[in-house]
Amino acid sequence: MKLAKQFTNEKVADLALSLGKFLLKKQANDGSLLSKDDGTHDPWDHLEAVIGLIIAKEFDAAKLGLQWMISNQNTDGSWYNTYKKSRPVQKNKQSNHAAYLATASYYYYLATGDREYIEEIYPTIKNGFSFLRSMQGSSGAFAWSIDEEGCLADDYLIAGNSSIFKSLECLFHLA
């Protein structure tokens, strides 16, 4: 199937501008980016929206979203599964949530060259990977999640692990 029309640079720029406006409307004052109309979001969707803000060149808003991740990291390096108005509503913790901050931060660095900010956020990224290591099985794969009682899920998702390994690549670049 051939595309009837090719995107032009102008159309791509317009699309990025529209994306940025949409995401800015979804961002709360504390930097959280809401993914559902009920006011909830999860760290993965949040970071996807941060990347969208970076693509739209809304760097201050993207940085505010990254700051939300710093402010809401648990002491073990994780983030909860779901938040509503920045309060946790589902307290299981996903492995890919712990890794994905490296990916969004690397996007931010590539777009801005802001090395000082990467140095500021790097301890948070590193803490996320420390938590992630606690979820790694003997095969090298990472369990999907850990529940509120600290029990690891017995499933190791290919998509989640692929994302984690891509985030590891971003961590190496940032380091």
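Student: How many residues does helix 3 have, and what does it reach from its first C-alpha to its last?
Tutor: This is a predicted model, in which local features need pLDDT of at least 70, side-chain atom pairs count only at pLDDT 80 or more, and totals for chains, interfaces and linings use all residues. Residues are numbered from 1 along each chain as its sequence is written, and side-chain values use heavy atoms, with hydrogens and water left out. Helices (H or I, at least four residues) and strands (E, at least two) are DSSP runs numbered from the N terminus. Helix 3, residues 59-71, has 13 residues and reaches 18 Å.

Student: Which residues of helix 3 are buried?
Tutor: Buried means under 20% relative accessible area, exposed over 50%, and partly exposed in between (1.4 Å probe, protein chains only). On the other side of helix 3, Asp60 and Ser71 are exposed. The buried residues are Ala61, Ala62, Gly65, Leu66, Trp68 and Met69.

Student: In strand 3, which residue is the bridge partner of Thr82?
Tutor: Two strands pair if DSSP finds at least two bridges between them. Strand 2 and strand 3 pair in the antiparallel sense over three bridges. The partner of Thr82 in strand 3 is Gln90.

Terms used
The expected span of a helix is 1.5 Å times one less than its number of residues.
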